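Hi everyone, thanks for having me. Please have a look at the chain on the screen, and I'll walk you through a few parts of it.

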Amino acid sequence: MFTSTGSNGFYKAPLSKSLLLVPSAISILLTLLFQHYQKFFAYNLQAVKEDFQIWRLVCGRTICLDLKDTFCSTLLIYNFRIFERRYGSRKFSSFLLGAWMLSAFFDLLLVEITQYVFGITINSLPSGFLGPVFALFVPFYSSIPRVQVTQVLGHFSITNKSLVYILGLQLLTSGSYIWILALSGLISGICYNSSMLKVHRILCVPRWVAKIFSWTLEPVFSSAEPTNEVRVGMGATVDIQRQQRMELLDRQIMMSQVAQMRRQRPQQGGMINWNRLFPPLRHRHNANYQDHPSEQGIPPPTEVSEEQVARLMEMGFSRGDALEALRASNNDLNVATNFLLQH
(Lines give C-alpha, C1' and ligand atoms only; values in the text may rest on other atoms or scores of the structure.)
Protein backbone atom coordinates (compact mmCIF):
# COMPACT_ATOMS: atom_id res chain seq x y z
CA MET A 1 0.00 0.00 0.00
CA PHE A 2 2.95 2.31 0.29
CA THR A 3 3.34 4.51 -2.74
CA SER A 4 7.00 3.91 -3.22
CA THR A 5 7.57 0.47 -1.90
CA GLY A 6 8.84 -2.21 -4.21
CA SER A 7 11.63 -4.60 -4.86
CA ASN A 8 14.08 -1.92 -5.94
CA GLY A 9 15.20 -1.00 -2.40
CA PHE A 10 17.54 2.00 -2.41
CA TYR A 11 18.64 1.67 -6.01
CA LYS A 12 19.29 5.19 -7.35
CA ALA A 13 18.68 6.60 -3.84
CA PRO A 14 22.03 6.69 -1.94
CA LEU A 15 21.19 9.90 -0.05
CA SER A 16 17.94 8.43 1.24
CA LYS A 17 19.80 5.33 2.35
CA SER A 18 22.39 7.38 4.25
CA LEU A 19 19.67 9.50 5.90
CA LEU A 20 17.93 6.34 7.03
CA LEU A 21 20.95 4.43 8.31
CA VAL A 22 23.32 7.00 9.84
CA PRO A 23 20.94 9.12 11.98
CA SER A 24 19.04 5.99 13.07
CA ALA A 25 22.23 4.27 14.19
CA ILE A 26 23.38 7.36 16.12
CA SER A 27 19.95 7.71 17.72
CA ILE A 28 19.96 4.09 18.89
CA LEU A 29 23.49 4.42 20.27
CA LEU A 30 22.62 7.61 22.13
CA THR A 31 19.55 5.98 23.63
CA LEU A 32 21.11 2.68 24.68
CA LEU A 33 24.81 3.31 25.32
CA PHE A 34 25.72 6.98 25.41
CA GLN A 35 22.91 8.69 27.30
CA HIS A 36 25.34 11.23 28.77
CA TYR A 37 25.97 12.62 25.26
CA GLN A 38 22.30 13.27 24.54
CA LYS A 39 22.58 16.83 25.88
CA PHE A 40 24.71 17.76 22.84
CA PHE A 41 21.89 16.75 20.49
CA ALA A 42 19.04 18.47 22.33
CA TYR A 43 17.20 21.09 20.29
CA ASN A 44 17.66 23.83 22.89
CA LEU A 45 16.20 27.06 21.54
CA GLN A 46 17.18 29.05 24.63
CA ALA A 47 20.85 28.21 24.09
CA VAL A 48 20.55 29.14 20.42
CA LYS A 49 18.89 32.50 21.04
CA GLU A 50 20.66 33.63 24.20
CA ASP A 51 24.10 32.02 23.94
CA PHE A 52 24.27 31.94 20.10
CA GLN A 53 25.12 28.23 20.12
CA ILE A 54 24.37 27.78 16.44
CA TRP A 55 25.92 24.31 16.48
CA ARG A 56 22.85 23.15 18.41
CA LEU A 57 20.75 23.82 15.33
CA VAL A 58 22.86 21.35 13.39
CA CYS A 59 22.98 18.66 16.07
CA GLY A 60 19.47 19.19 17.44
CA ARG A 61 17.83 19.20 14.02
CA THR A 62 19.57 16.09 12.68
CA ILE A 63 19.46 13.29 15.29
CA CYS A 64 16.26 12.10 16.98
CA LEU A 65 16.47 11.43 20.71
CA ASP A 66 13.10 9.68 20.81
CA LEU A 67 13.09 6.20 19.27
CA LYS A 68 9.42 6.55 18.28
CA ASP A 69 10.33 9.62 16.21
CA THR A 70 13.31 7.74 14.79
CA PHE A 71 11.13 4.84 13.70
CA CYS A 72 8.44 6.97 12.06
CA SER A 73 10.87 9.34 10.33
CA THR A 74 12.95 6.47 8.89
CA LEU A 75 9.85 4.82 7.46
CA LEU A 76 8.83 8.11 5.88
CA ILE A 77 12.31 8.66 4.43
CA TYR A 78 12.17 5.16 2.99
CA ASN A 79 8.91 5.99 1.23
CA PHE A 80 10.04 9.45 0.13
CA ARG A 81 13.09 8.00 -1.63
CA ILE A 82 10.89 8.05 -4.72
CA PHE A 83 11.77 11.74 -5.10
CA GLU A 84 15.50 11.05 -5.21
CA ARG A 85 14.91 8.55 -8.00
CA ARG A 86 12.65 10.93 -9.84
CA TYR A 87 14.69 14.14 -9.55
CA GLY A 88 18.22 12.86 -8.89
CA SER A 89 20.37 13.05 -5.78
CA ARG A 90 21.52 16.65 -6.31
CA LYS A 91 18.03 18.10 -6.70
CA PHE A 92 16.74 15.96 -3.84
CA SER A 93 19.57 17.08 -1.54
CA SER A 94 18.92 20.70 -2.58
CA PHE A 95 15.30 20.33 -1.51
CA LEU A 96 16.33 18.84 1.84
CA LEU A 97 18.93 21.57 2.41
CA GLY A 98 16.48 24.34 1.52
CA ALA A 99 13.73 22.81 3.64
CA TRP A 100 16.12 22.36 6.56
CA MET A 101 17.25 26.00 6.49
CA LEU A 102 13.78 27.43 5.97
CA SER A 103 12.22 25.25 8.66
CA ALA A 104 14.92 26.34 11.13
CA PHE A 105 13.86 29.96 10.54
CA PHE A 106 10.16 29.12 10.79
CA ASP A 107 10.77 27.14 14.00
CA LEU A 108 12.12 30.25 15.71
CA LEU A 109 9.38 32.42 14.20
CA LEU A 110 6.54 30.12 15.29
CA VAL A 111 7.98 29.87 18.80
CA GLU A 112 8.01 33.67 19.07
CA ILE A 113 4.46 33.90 17.72
CA THR A 114 3.28 31.27 20.20
CA GLN A 115 4.85 33.18 23.07
CA TYR A 116 3.40 36.50 21.90
CA VAL A 117 -0.14 35.23 21.23
CA PHE A 118 -0.61 32.56 23.90
CA GLY A 119 2.03 33.53 26.44
CA ILE A 120 3.64 30.07 26.24
CA THR A 121 7.43 30.01 26.57
CA ILE A 122 9.04 27.18 24.63
CA ASN A 123 12.70 26.56 25.42
CA SER A 124 13.21 23.34 23.47
CA LEU A 125 11.66 21.35 20.65
CA PRO A 126 11.80 17.65 19.69
CA SER A 127 15.12 16.75 18.12
CA GLY A 128 15.65 15.17 14.73
CA PHE A 129 15.52 15.62 10.98
CA LEU A 130 11.80 16.30 11.24
CA GLY A 131 11.39 19.62 9.43
CA PRO A 132 12.58 18.32 6.03
CA VAL A 133 10.61 15.09 6.52
CA PHE A 134 7.37 17.03 6.96
CA ALA A 135 8.37 19.27 4.04
CA LEU A 136 8.46 16.20 1.77
CA PHE A 137 4.72 15.81 2.26
CA VAL A 138 4.25 18.83 -0.03
CA PRO A 139 5.63 17.18 -3.21
CA PHE A 140 4.17 13.87 -2.04
CA TYR A 141 0.68 15.39 -2.00
CA SER A 142 1.04 17.34 -5.23
CA SER A 143 3.00 15.02 -7.53
CA ILE A 144 2.31 11.41 -6.50
CA PRO A 145 -0.83 10.04 -8.21
CA ARG A 146 -3.60 8.79 -5.98
CA VAL A 147 -4.80 5.27 -6.76
CA GLN A 148 -7.69 3.79 -4.82
CA VAL A 149 -6.90 0.39 -3.33
CA THR A 150 -10.12 -0.45 -1.50
CA GLN A 151 -13.00 1.05 0.45
CA VAL A 152 -13.96 0.69 4.09
CA LEU A 153 -17.68 0.55 4.91
CA GLY A 154 -18.41 1.64 1.36
CA HIS A 155 -17.57 5.30 2.03
CA PHE A 156 -13.95 5.66 3.16
CA SER A 157 -11.40 5.18 0.40
CA ILE A 158 -8.06 3.53 1.13
CA THR A 159 -5.45 4.65 -1.40
CA ASN A 160 -1.80 3.91 -2.08
CA LYS A 161 -0.96 7.05 -0.07
CA SER A 162 -3.06 6.40 3.04
CA LEU A 163 -0.44 4.57 5.08
CA VAL A 164 2.12 7.34 4.52
CA TYR A 165 -0.34 9.91 5.83
CA ILE A 166 -1.05 7.69 8.83
CA LEU A 167 2.69 7.56 9.57
CA GLY A 168 2.85 11.34 9.35
CA LEU A 169 -0.08 11.64 11.75
CA GLN A 170 1.62 9.25 14.16
CA LEU A 171 4.77 11.36 14.04
CA LEU A 172 2.74 14.53 14.50
CA THR A 173 1.15 13.23 17.70
CA SER A 174 4.33 11.84 19.25
CA GLY A 175 5.31 15.02 21.13
CA SER A 176 3.76 18.09 22.68
CA TYR A 177 5.40 20.73 20.48
CA ILE A 178 6.09 18.66 17.40
CA TRP A 179 3.24 20.47 15.65
CA ILE A 180 5.58 23.46 15.40
CA LEU A 181 8.11 21.35 13.50
CA ALA A 182 5.37 19.94 11.28
CA LEU A 183 3.93 23.36 10.46
CA SER A 184 7.34 24.90 9.80
CA GLY A 185 8.25 21.92 7.60
CA LEU A 186 5.07 22.21 5.54
CA ILE A 187 5.53 25.96 5.13
CA SER A 188 9.15 25.49 4.07
CA GLY A 189 8.13 22.79 1.57
CA ILE A 190 5.51 25.09 0.05
CA CYS A 191 8.00 27.97 -0.13
CA TYR A 192 10.68 25.82 -1.73
CA ASN A 193 8.28 24.41 -4.33
CA SER A 194 6.80 27.81 -5.13
CA SER A 195 7.57 28.95 -8.66
CA MET A 196 7.03 32.57 -7.62
CA LEU A 197 9.51 32.73 -4.73
CA LYS A 198 12.34 31.03 -6.69
CA VAL A 199 13.82 29.70 -3.45
CA HIS A 200 15.17 26.63 -5.24
CA ARG A 201 17.51 28.83 -7.24
CA ILE A 202 19.10 30.28 -4.10
CA LEU A 203 19.13 27.36 -1.65
CA CYS A 204 20.67 24.58 -3.70
CA VAL A 205 23.67 22.28 -3.52
CA PRO A 206 26.46 23.45 -5.86
CA ARG A 207 27.50 21.04 -8.57
CA TRP A 208 31.06 20.75 -7.28
CA VAL A 209 29.78 19.79 -3.83
CA ALA A 210 27.47 17.21 -5.37
CA LYS A 211 30.37 15.74 -7.34
CA ILE A 212 32.53 15.47 -4.21
CA PHE A 213 29.81 13.57 -2.35
CA SER A 214 29.17 11.47 -5.44
CA TRP A 215 32.83 10.39 -5.49
CA THR A 216 33.19 9.83 -1.75
CA LEU A 217 29.86 8.79 -0.21
CA GLU A 218 27.86 7.37 -3.08
CA PRO A 219 30.05 4.25 -3.43
CA VAL A 220 29.45 3.57 0.28
CA PHE A 221 25.66 3.95 0.25
CA SER A 222 24.82 2.97 -3.32
CA SER A 223 22.72 -0.13 -3.94
CA ALA A 224 23.08 -2.58 -6.79
CA GLU A 225 20.59 -2.56 -9.62
CA PRO A 226 17.88 -5.14 -8.98
CA THR A 227 17.97 -7.98 -11.48
CA ASN A 228 15.31 -10.29 -10.12
CA GLU A 229 11.80 -10.24 -11.55
CA VAL A 230 8.70 -10.94 -9.49
CA ARG A 231 8.15 -14.68 -9.32
CA VAL A 232 4.75 -15.77 -10.57
CA GLY A 233 5.18 -19.53 -10.82
CA MET A 234 7.38 -22.38 -11.94
CA GLY A 235 8.69 -21.97 -15.47
CA ALA A 236 7.29 -18.45 -15.90
CA THR A 237 9.24 -16.36 -18.38
CA VAL A 238 10.14 -12.69 -18.04
CA ASP A 239 7.70 -11.78 -20.84
CA ILE A 240 4.82 -13.49 -19.05
CA GLN A 241 5.72 -11.73 -15.82
CA ARG A 242 5.77 -8.36 -17.57
CA GLN A 243 2.46 -9.17 -19.24
CA GLN A 244 0.89 -9.84 -15.85
CA ARG A 245 2.38 -6.66 -14.43
CA MET A 246 0.89 -4.63 -17.27
CA GLU A 247 -2.49 -6.27 -16.75
CA LEU A 248 -2.32 -5.30 -13.09
CA LEU A 249 -1.58 -1.74 -14.13
CA ASP A 250 -4.54 -1.95 -16.49
CA ARG A 251 -6.89 -2.82 -13.64
CA GLN A 252 -5.46 -0.24 -11.21
CA ILE A 253 -5.66 2.70 -13.59
CA MET A 254 -9.08 1.71 -14.90
CA MET A 255 -10.50 1.45 -11.36
CA SER A 256 -8.96 4.80 -10.43
CA GLN A 257 -10.36 6.51 -13.54
CA VAL A 258 -13.82 5.05 -13.05
CA ALA A 259 -13.87 6.08 -9.38
CA GLN A 260 -12.76 9.59 -10.31
CA MET A 261 -15.45 9.85 -12.99
CA ARG A 262 -18.11 8.73 -10.54
CA ARG A 263 -17.03 11.43 -8.09
CA GLN A 264 -16.87 14.23 -10.66
CA ARG A 265 -19.63 13.55 -13.19
CA PRO A 266 -23.31 14.04 -12.30
CA GLN A 267 -25.46 11.00 -11.87
CA GLN A 268 -26.41 10.03 -15.41
CA GLY A 269 -27.49 6.88 -17.10
CA GLY A 270 -25.66 5.13 -19.87
CA MET A 271 -22.71 2.89 -20.34
CA ILE A 272 -19.07 3.83 -19.86
CA ASN A 273 -16.86 3.58 -22.93
CA TRP A 274 -14.08 1.44 -21.50
CA ASN A 275 -11.94 1.58 -24.64
CA ARG A 276 -12.01 5.38 -24.52
CA LEU A 277 -11.06 5.38 -20.85
CA PHE A 278 -8.16 2.99 -21.17
CA PRO A 279 -6.40 1.53 -24.22
CA PRO A 280 -6.65 -2.27 -24.13
CA LEU A 281 -3.33 -3.76 -23.08
CA ARG A 282 -4.32 -7.32 -23.75
CA HIS A 283 -4.11 -6.84 -27.52
CA ARG A 284 -0.39 -6.19 -27.34
CA HIS A 285 1.83 -8.57 -29.25
CA ASN A 286 3.19 -11.30 -27.00
CA ALA A 287 5.16 -14.15 -28.51
CA ASN A 288 4.51 -16.35 -25.47
CA TYR A 289 0.79 -16.43 -26.20
CA GLN A 290 0.58 -16.21 -29.99
CA ASP A 291 2.90 -17.65 -32.58
CA HIS A 292 1.23 -15.89 -35.52
CA PRO A 293 -0.69 -12.89 -34.20
CA SER A 294 -3.11 -11.25 -36.59
CA GLU A 295 -2.51 -7.60 -37.24
CA GLN A 296 -6.17 -6.94 -38.03
CA GLY A 297 -8.20 -5.49 -35.18
CA ILE A 298 -5.11 -4.51 -33.15
CA PRO A 299 -5.06 -0.76 -32.46
CA PRO A 300 -1.83 1.09 -33.24
CA PRO A 301 0.42 1.60 -30.18
CA THR A 302 0.29 4.92 -28.41
CA GLU A 303 3.12 7.24 -29.33
CA VAL A 304 5.54 7.65 -26.43
CA SER A 305 7.55 10.77 -25.72
CA GLU A 306 11.25 10.00 -25.88
CA GLU A 307 11.85 12.68 -23.25
CA GLN A 308 9.62 10.84 -20.79
CA VAL A 309 11.28 7.54 -21.67
CA ALA A 310 14.66 9.14 -20.95
CA ARG A 311 13.42 10.43 -17.59
CA LEU A 312 12.25 6.98 -16.57
CA MET A 313 15.53 5.42 -17.71
CA GLU A 314 17.42 7.99 -15.60
CA MET A 315 15.53 6.64 -12.58
CA GLY A 316 16.98 3.19 -13.30
CA PHE A 317 14.20 1.50 -15.27
CA SER A 318 14.83 -0.36 -18.49
CA ARG A 319 13.68 1.10 -21.80
CA GLY A 320 11.23 -1.74 -22.36
CA ASP A 321 9.52 -1.28 -19.00
CA ALA A 322 9.41 2.49 -19.50
CA LEU A 323 7.79 2.13 -22.93
CA GLU A 324 5.19 -0.34 -21.67
CA ALA A 325 4.28 1.79 -18.64
CA LEU A 326 3.99 5.00 -20.67
CA ARG A 327 1.87 3.36 -23.35
CA ALA A 328 -0.41 1.84 -20.74
CA SER A 329 -0.83 5.14 -18.91
CA ASN A 330 -1.37 7.25 -22.04
CA ASN A 331 1.96 9.04 -21.54
CA ASP A 332 1.11 10.03 -17.95
CA LEU A 333 4.58 10.17 -16.41
CA ASN A 334 3.33 10.21 -12.80
CA VAL A 335 1.14 7.12 -13.25
CA ALA A 336 3.90 5.28 -15.13
CA THR A 337 6.50 6.15 -12.48
CA ASN A 338 4.17 5.12 -9.66
CA PHE A 339 3.54 1.74 -11.24
CA LEU A 340 7.19 1.00 -11.99
CA LEU A 341 8.24 1.90 -8.44
CA GLN A 342 5.63 -0.39 -6.94
CA HIS A 343 6.72 -3.45 -8.93
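This is a predicted model: local features need pLDDT of at least 70, side-chain atom pairs count only at pLDDT 80 or more; totals for chains, interfaces and linings use all residues.

Residues are numbered from 1 along each chain as its sequence is written, and side-chain values use heavy atoms, with hydrogens and water left out.

What is the chain built from, in helices and strands? There are 17 helices and 4 strands. Both are DSSP runs numbered from the N terminus: helices are H or I with at least four residues, strands are E with at least two. I'll also talk about contact, and that means heavy atoms within 4.5 Å. Take the contacts between residues at least 6 apart in sequence: 74% of them join residues at least 24 apart.

Now the core. A nonpolar core is a set of buried Ala, Val, Leu, Ile, Met, Phe, Trp, Tyr and Cys residues joined through side-chain atoms within 4.5 Å. As background, nonpolar side chains in soluble globular proteins tend to be buried together. Here the largest nonpolar core has 43 residues, and Leu76, Phe80, Phe83 and Leu125 touch the most other members. Which elements give two or more residues to this core? They are α2 (45–51), α4 (67–87), α5, α6 (130–135), α7 (137–143), α8 (162–172) and α9 (178–193). The biggest giver is α5, with 9 residues. If you zoom in on Leu76 and skip its neighbours within four places in sequence, you find Val133, Phe137, Val164, Leu167, Gly168 and Leu171 in contact with Leu76. Another core, of 13 residues, lies apart from the largest one, and Val309, Leu312, Phe317 and Ala336 are among its members.

Next, rings. A pair of aromatic rings is described by the distance of the centres and the angle of the planes. The rule is that rings of Phe, Tyr and Trp (its six-membered ring) pair if their centres lie within 6.5 Å; planes under 30 degrees apart are stacked, over 60 edge-to-face, and the rest tilted. That gives 14 aromatic pairs. Take Phe137 and Tyr165: their ring centres are 6.1 Å apart and the planes are at 25 degrees, so this pair is stacked. Phe137 sits in helix α7 and Tyr165 in helix α8, so the pair ties together parts that are 28 residues apart in sequence. Phe137 is buried, at 9% relative accessibility, while Tyr165 is partly exposed, at 33%. Both belong to one aromatic cluster, along with Phe80, Phe83, Tyr87, Phe134 and Phe140.

Two residues are worth a stop. Gly189 is in helix α9, and its relative accessibility is 0%, so Gly189 counts as buried. Its C-alpha atom is 4.3 Å from that of Ala135, which is 54 residues away along the chain. Not counting residues up to four places away in sequence, Gly189 touches Phe95, Ala135 and Val138.

The second one is Ser127, in the loop between β2 (124–125) and α6. Is Ser127 buried or exposed? Buried, at 7% relative accessibility. From Ser127 to Thr62 is 65 residues in sequence, but 7.1 Å in space, C-alpha to C-alpha. Leaving out residues up to four places away, Ser127 touches Phe41, Ala42, Tyr43, Gly60, Ile63, Cys64 and Leu65.

Last stop: helix α16, residues 319–328. This helix is mostly covered, with 7 of its 10 residues buried. Among those buried residues are Asp321, Glu324 and Leu326. Leu326 is also in contact with Gln308, as are Asn331 and Leu333, if we leave aside the neighbours of Gln308 within four places in sequence. Gln308 itself lies in helix α15 (residues 306–314) and is buried, at 18%. Just after α16, Asn330 takes a positive phi of about 55 degrees.

Definitions and conventions
Buried means under 20% relative accessible area, exposed over 50%, partly exposed in between (1.4 Å probe, protein chains only).
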